[in-house]
Amino acid sequence: MVDEPSAPAAPGPSAQPVLRIANLVVRYPLSDRPTLDGLDLSLAPGDRLALVGPSGCGKSTVARAVQQLLPQGSLCSGQLEVAGVDPRQLKRPALRRLRGEAIGLVFQDPMTRLNPLLTIGEHLSDTLEAHRAHWLTGAPMGASRRRRAVRQRAEALLTRVGIGVERYGSYPHEFSGGMRQRLAIALALALAPKLVVADEPTTSLDVAVASQVMAELTSLCQEAGSALLLISHDLAMAGRWCDRIAVLDQGRLVEEAPSHQLLTAPASPLTRRLVSKARAREGLRSSAPVDAPLLLELEELRSWHPLPSLPWQQRWLKAVDGVSLRLLEGETIGVVGASGCGKSSLCRALMGLAPVRGGAVRLQGRDLRQLGGRELRRARRRIQMVFQDPLACLNPQMPVGEAIADPLLIHRLASRSAARQRARELMEAVGLTPAEDFEHRRPRQLSGGQQQRVAIARALILEPKVLLCDESVSMLDAEVQADVLALLRRLQAELGLGLLFVTHDLSVASGFCHRVIVLDGGRIVEEGPGAQLLRHPQAAITRILVDACPRLPALAA
């Protein structure tokens, strides 16, 4: 079980705030209203503050404003000081030094910061070399001694975040998501900054890896005396790792309090609503359908990928290795497990996007592996997928109405006008009402919850019987998550859908799914009702996941 951080030492009476924000207003170009509207916030050395709120409340804009990473032409007024310096008054070289030496930033997706052409060691050595005056003190030294000193410090940082020095020459694509996030933490803390900003650092990680990453982050901040500003939509995680929580709404601070107090006795209406939705999600229980017809049956399904090897000694990555399950009409099966266990590979194999090396996939009694050509394409229309990031699967230049209608045109199932009409009907069905207000918008003109509703509508337009949801609510805040899950439940009841629901959030799996299977090494190691797995986990990996899963504090009796 991961140790939770101890409380930081209280700063002395003369300690200056690391971050001071007063009446901060930020308005993006072409926006008719400010994203931040009079925000007040303060962090002292060693503070751990979580910034939470609904989608679009301005959480990530705070991180951009602090580092002055706002788009050109943005308005940024009010008081803003980092380590006693206003970043808006600095010229570019001084601002670059401030970003590395006073502020460390951990992104949601570390690949947005990592250069795929640089090794892991080169990422760290470049940062250390660029800021060597900040950390490399003492008598001047020659180039070779300086390179050795940089290498030694880089290796020490890698060791500190749990990456072996033998991986110094590896490239980012050779690392798992959790390992890349550890590297991002090493980069953020390389120069012992006074403030670390972590913007949704664990959204794409399973609970075990997320817990390890947050333990490393908070421990390193505590050692360096750095203040941590954690931006998150996960109230339970915020409460576990931060001393205080601040709630934003429409760019304003509506509540700030110690974590336990805010999660057990919220004061503002918005906070009460967010906490209520999160508690309802944790306490939800679903009854399995009775005597429902069988939709999907997998028998010893194998999806193996060839690894580099000699021709006579073929090696395989066994992503899915003998998975068997039965999905009934109207049933939801949750699929959980650690990173790399085969959850997404299972979905990709069912969609025909990954090779299937053996076993059977029977959809309504027909084995898809025995079909081919037009018959297989017709059968595959009955299995559709909703991805984690809707922006990644929507054309940014295509209006969402056209994106929803497009599958009907691709499969030549309707005329253009009929496809548009059907798209409007589905937009209404998923809550994008009135459809006329949404159909001509581009994906980036919608909120995260609205984008996911578009993705669900597009998946449903071919009238599938099985819907594969791959981490489809992990990027959404508690309120929008609850809305999307309620939408999926309603559509399931109306259409008789069978759902295969991949998630790393055990509280979502236990509440939303009728049954949960746990994968490890491409195999099912445990199966049963979600509540039972949470209370009495049997397999070793299930116990690790349950221990690492953050939960809201219990209410006083």
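The protein is divided into domain 1 (17–117 + 175–252), domain 2 (292–381 + 463–546) and domain 3 (400–461), with bounds that come from an automatic or database domain assignment. This is a predicted model, in which local features need pLDDT of at least 70 and side-chain atom pairs count only at pLDDT 80 or more, while totals for chains, interfaces and linings use all residues. Residues are numbered from 1 along each chain as its sequence is written, and side-chain values use heavy atoms, with hydrogens and water left out.

Let us start with the two domains that matter for your request. The centres of domain 1 and domain 2, taken over C-alpha atoms, are separated by 34 Å. Their contact (heavy atoms within 4.5 Å) takes 11 residues from domain 1 and 14 residues from domain 2.

Now to the empty space itself. Rolling a probe the size of a water molecule over the atoms shows where empty space is left. The search runs on a 1 Å grid over the protein atoms alone: a cavity is a set of points where a 1.4 Å probe fits but cannot get out, a pocket is an open set with protein on both sides within 12 Å along at least five of seven lines, and lining residues have an atom within 4 Å of a point. Grid points are joined across faces, edges and corners, and a volume is the space filled by probe spheres set on the points.

Over the whole structure, 3 cavities of 30 Å³ or more are found. The largest cavity has a volume of about 410 Å³. Its lining holds 33 residues, and those nearest the centre are Asp234, Met237, His504, Asp505 and Pro550. Two or more lining residues come from each of α7 (207–224), α8 (235–241), α10 (269–283), α17 (478–495) and α18 (506–512); helices (H or I, at least four residues) and strands (E, at least two) are DSSP runs, numbered from the N terminus. Helix α8 gives the most, with 5 residues. Domain 1 and domain 2 each supply at least three residues to this lining. By class, the lining of the largest cavity divides into 16 nonpolar, 10 polar and 7 charged residues, where Ala, Val, Leu, Ile, Met, Phe, Trp, Tyr, Cys and Pro count as nonpolar, Asp, Glu, Lys and Arg as charged, and the others, Gly among them, as polar.

Histidine 504 sits in the loop between β17 (498–502) and α18. With a relative accessible area of 13%, histidine 504 is buried, because buried means under 20% relative accessible area, exposed over 50% and partly exposed in between (1.4 Å probe, protein chains only). Its side chain makes a polar contact with the side chain of glutamate 471, at 3.1 Å. A polar contact here is a pair of N or O atoms within 3.5 Å; within protein, one must be able to donate a hydrogen and the other to accept it, and residues adjacent in sequence count only if both atoms are side-chain atoms. Leaving aside neighbours within four places in sequence, histidine 504 is in contact with Thr203, Leu205, Asp206, Val207, Glu471 and Ser474.

The second largest cavity has a volume of about 60 Å³. It is lined by Val336, Leu506, Ala509, Ser510, Val516, Val518, Gly530, Leu533, Leu534, Thr542 and Val546. The elements giving two or more of these residues are α18, β18 (515–520), α19 (530–535) and α20 (540–548). Its lining has 8 nonpolar and 3 polar residues, and no charged ones.

For an open counterpart, turn to the second largest pocket, with a volume of about 390 Å³. It is lined by 18 residues, and Arg96, Arg99, Gly100, Arg113 and His131 are the closest to its centre. At least two lining residues come from each of α2, β5 (103–106), α3 (120–130) and α6 (177–189), and α2 gives the most, with 4. The classes here are 8 nonpolar, 5 polar and 5 charged. Arginine 96 belongs to helix α2 (residues 92–101) and is partly exposed, with a relative accessible area of 48%.
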